[in-house]
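Hi everyone, thanks for coming. Today I'd like to walk you through one protein chain, so please have a look at the picture before I start talking.

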Amino acid sequence: DAQALQLIGTAQRLEGDYDDAELSLNAAHKRAIAVRDGRVITITRLRSQILSDLGLIEEARGDLADAEAFFRGALDLLAVQYPETRAMNGARARLASYLARRGGTTEAMQLYETVVESSLGQRGAIVGLENQLAPYFRLLAQNSPQSADSAVKFFRASQLLVRPGVAETQAVLARELSGGSDDSARLFRQSNNISREIERKRLRFATLSRIEQSGAVAAERNDLASEIDRLEIEQQATLAELSQYPKYRAVASSAMTIDDLRAALLADEAYVRLAIVGEDIYTLFIDSGSAAIHRSSMSADEMLQSVTKIRASISVFENGQNVTYPFDIEESRKLYQALFGNISDRLAGKKHLIFEPDGAMLQLPVNLLVTDDASVTRYLAQADAADGDPFNFVGAAWLGRAIDVSTAVSAKAFADARKTPDSRGRGQYLGLGKNVPVSKLTRASSVRSGGTGETLDCSWPTSAWNRPISDSELLQAKSIIGGSGTEVLTGSAFSDDAIKGRSDLTDFRILHFATHGLLTPPSPNCPAKPALLTSFGGGDSDGLLSFDEIFDLRLDADIVILSACDTAGQASVEATRAAGIVSG
């Protein structure tokens with residue numbers, strides 16, 4: 001009941017109904033502390049949230065003294081029962097945001113830096129706090145490029161901004177790793193157990209620190225301190241072993257310093273991170289000797305509109321078919337200026353750009369941005385001429401023409417990839433695709449839905465297998481690479497059980513799948529289980545190489561190519577959510 005009233009009060013506050021919101025929140029607080037006379041520790045988090053809401057109400061009314069008192073009270077409550085936890089960081093961030101809005105920049109920065117330092121290396125540590133951290137990123141960007149220290153702090157804080165799609169994929173990978181049976185899975189479970197035990201003992205130690213210090217209390221605190229030290233040493237040894245496994249490196253949430261990233265960069269390379277916080281867009285530039293932050297004048301929503309406009313000129317579905325219009329070079333130039341304008345001089349002379357996209361730029365290759373005004377002027381002049389060709393873009397200064405571009409998921413993923421040794425495979429190339437069509441699907445994949453007990457048929461329709469992708473690109477790639485150690489598996493040889501049964505996958509430096517990717521579930525009530533479509537084999541074969549099966553494959557490739565029927569196509573919001581991804 002207290003939680004319900006708190007939610008109602010928050011909704012009323014957001015609607016601007018401050019008087020009713022105050023009544024609801026005070027009633028929520030009264031009900032919360034009435035439960036077992038306020039002795040339920042977990043109520044503390046709810047009480048802290050209520051005080052923060054009341055603080056926002058008083059700030060809106062202009063009573064700044066009471067507003068600040070509420071925010072500080074919310075933090076003090078958690079400092080007693082939940083020291084150094086995500087909940088306390090939330091209260092710190094809310095107080096810092098208030099102070100930043102009211103000119104208390106120095107204390108706000110100190111609070112923000114505490115939040116960042118205590119959250120680094122913890123998966124999902126600031127979920128829900130991104131908007132509260134927005135003033136911190138703005139303050140850092142104001143000081144750069146004059147302050148190198150601001151760029152260093154921005155880089156550290158930016159590692160907390162994990163895109164939802166990446167976070168969800170890592171969560172799936174972590175579950176797969178935790179449920180495995182090999183040494184990496186055993187060590188991963190061991191590390192998780194040690195982390196929980198350390199956290200439990202730290203909370204107990206903090207609790208004992210706030211009560212009267214008798215001899216027994218002091219003895220227990222000493223024992224806890226020794227035990228925490230022992231567990232931390234054990235954890236360090238476990239993580240050192242785990243770091244040798246690529247599966248773990250894919251899910252590890254450890255942070256890195258800007259010097260760690262610079263150590264992975266060559267002299268002629270630059271790393272550019274696009275970071276979106278709320279509607280703000282930041283471009284962070286880092287090379288071997290400098291760093292700079294640029295806050296774009298374009299909002300995240302405006303960037304989405306720009307990217308959508310450019311994509312629509314490349315390919316748009318109209319009247320039942322894909323149509324291509326002349327590329328929107330003016331919009332491309334505008335987008336480059338908004339994102340790269342303040343760092344374009346720093347890119348000059350660089351041969352390789354490692355780009356970490358965010359938001360709408362996940363949907364557009366950065367290579368397609370145009371780097372100078374002369375390209376636009378030249379194109380418009382020839383396109384408007386009597387014999388002009390609006391599809392002639394010869395001489396355009398594409399970003400991808402001036403510099404090689406690689407895309408990174410994160411700075412740490414890039415640095416880890418740089419440390420990964422080259423494939424030891426003797427074979428050059430393995431191409432897989434062109435599944436065998438089926439006339440009748442006899443293998444059903446059924447699941448029992450939760451709650452109702454009904455059995456759902458979650459098998460894909462036969463038609464999914466009856467439009468195989470041509471093997472022409474596989475054969476062309478094999479021809480280009482040439483020599484021994486090249487192989488193409490198509491037809492019946494391209495089945496899920498045949499792939500899982502091969503013991504020589506580690507021998508190939510390049511793996512190339514040309515087949516359909518299935519992301520959405522076959523019906524709305526079925527769970528999403530991303531997979532690559534294959535031919536049917538024997539036994540328990542289901543004609544699908546699923547996410548968990550791919551995770552268990554032993555590979556040692558330098559590159560894996562995934563090519564489907566509409567690889568660069570934009571999924572609908574419904575399809576994206578059905579695949580288990582909230583946004584992105």
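**A helix and its neighbours**

Let me begin with helix H11 (residues 215-242), whose buried residues pack against helix H10 (183-209) and helix H12 (246-251). A few words on terms: helices (H or I, at least four residues) and strands (E, at least two) are DSSP runs, numbered from the N terminus. Buried means under 20% relative accessible area, exposed means over 50%, and partly exposed is in between (1.4 Å probe, protein chains only). Contact means heavy atoms within 4.5 Å.

What you see is a predicted model, where local features need pLDDT of at least 70, side-chain atom pairs count only at pLDDT 80 or more, and totals for chains, interfaces and linings use all residues. Residues are numbered from 1 along each chain as its sequence is written, and side-chain values use heavy atoms, with hydrogens and water left out.

Back to H11. Which of its residues are buried? They are Val217, Leu224, Ile228, Leu231, Gln235, Thr238 and Leu242. When you look at a list like that, remember that an α-helix has 3.6 residues a turn, so residues three or four places apart point the same way. H11 has 28 residues and reaches 40 Å from its first C-alpha to its last, close to the 40 Å expected at 1.5 Å a residue. The expected span of a helix is 1.5 Å times one less than its number of residues.

**The whole chain**

Now let's step back. The chain has 584 residues, and 41% of them count as buried. Its secondary structure comes to 23 helices and 16 strands. Along the principal axes, the C-alpha atoms fill a box of roughly 80 × 65 × 50 Å. Taking the contacts with a separation of 6 or more, 68% are between residues 24 or more positions apart.

How confident is the predictor? pLDDT is its confidence in each residue, from 0 to 100. The chain averages a pLDDT of 87, and 92% of the residues score at least 70. Over residues 442-451, though, the pLDDT is below 50, and this stretch has 25 contacts in the model beyond near neighbours in sequence. Where pLDDT is low, the predicted coordinates should not be read in detail.

Next comes helix H5 (residues 86-101). Its 16 residues should span 22 Å at 1.5 Å a residue, and the end C-alpha atoms are 22 Å apart, which agrees. H5 is mostly covered, with 12 of its 16 residues buried. What do those buried residues pack against? They pack against helix H3 (43-61), helix H4 (64-81), helix H6 (105-119) and helix H7 (130-143). Just after H5, glycine 103 takes a positive phi of about 90°.

Let's zoom in on H3 and H5. They pack at an angle of about 10°, with their axes 10 Å apart. Here, axes are lines fitted to C-alpha atoms, for helices over the stretch in contact, and angles run from 0 to 180 degrees between N-to-C directions. H3 and H5 are therefore roughly parallel to each other. Angles under 35 degrees count as roughly parallel, over 145 as roughly antiparallel, 65 to 115 as roughly perpendicular and the rest as oblique.

In this pairing, Arg45, Ser48, Gln49, Ser52, Leu56 and Glu59 in H3 meet Ala87, Ala91, Arg94, Tyr98 and Arg101 in H5. The residues of this contact divide into 4 nonpolar, 3 polar and 4 charged. For that count, Ala, Val, Leu, Ile, Met, Phe, Trp, Tyr, Cys and Pro are nonpolar, Asp, Glu, Lys and Arg are charged, and the others, Gly among them, are polar.

Helix H15 (residues 329-340) is another one to find: 9 of its 12 residues are buried, so it is largely enclosed by the rest of the structure. Among the buried ones are Ile329, Glu331 and Phe340.

**Some single residues**

Methionine 256 lies in the loop between H12 and helix H13 (258-264). Is methionine 256 buried or exposed? At 5% relative accessibility, it counts as buried. Leaving aside neighbours within four places in sequence, methionine 256 is in contact with residues including Phe155, Arg156 and Ala411.

Finally, asparagine 319 sits in the loop between strand E4 (316-318) and strand E5 (321-323). Asparagine 319 has a positive phi of about 50° although it is not a glycine, and it is exposed, with a relative accessible area of 81%.

Technical notes:
pLDDT is the predictor's confidence in each residue, from 0 to 100.
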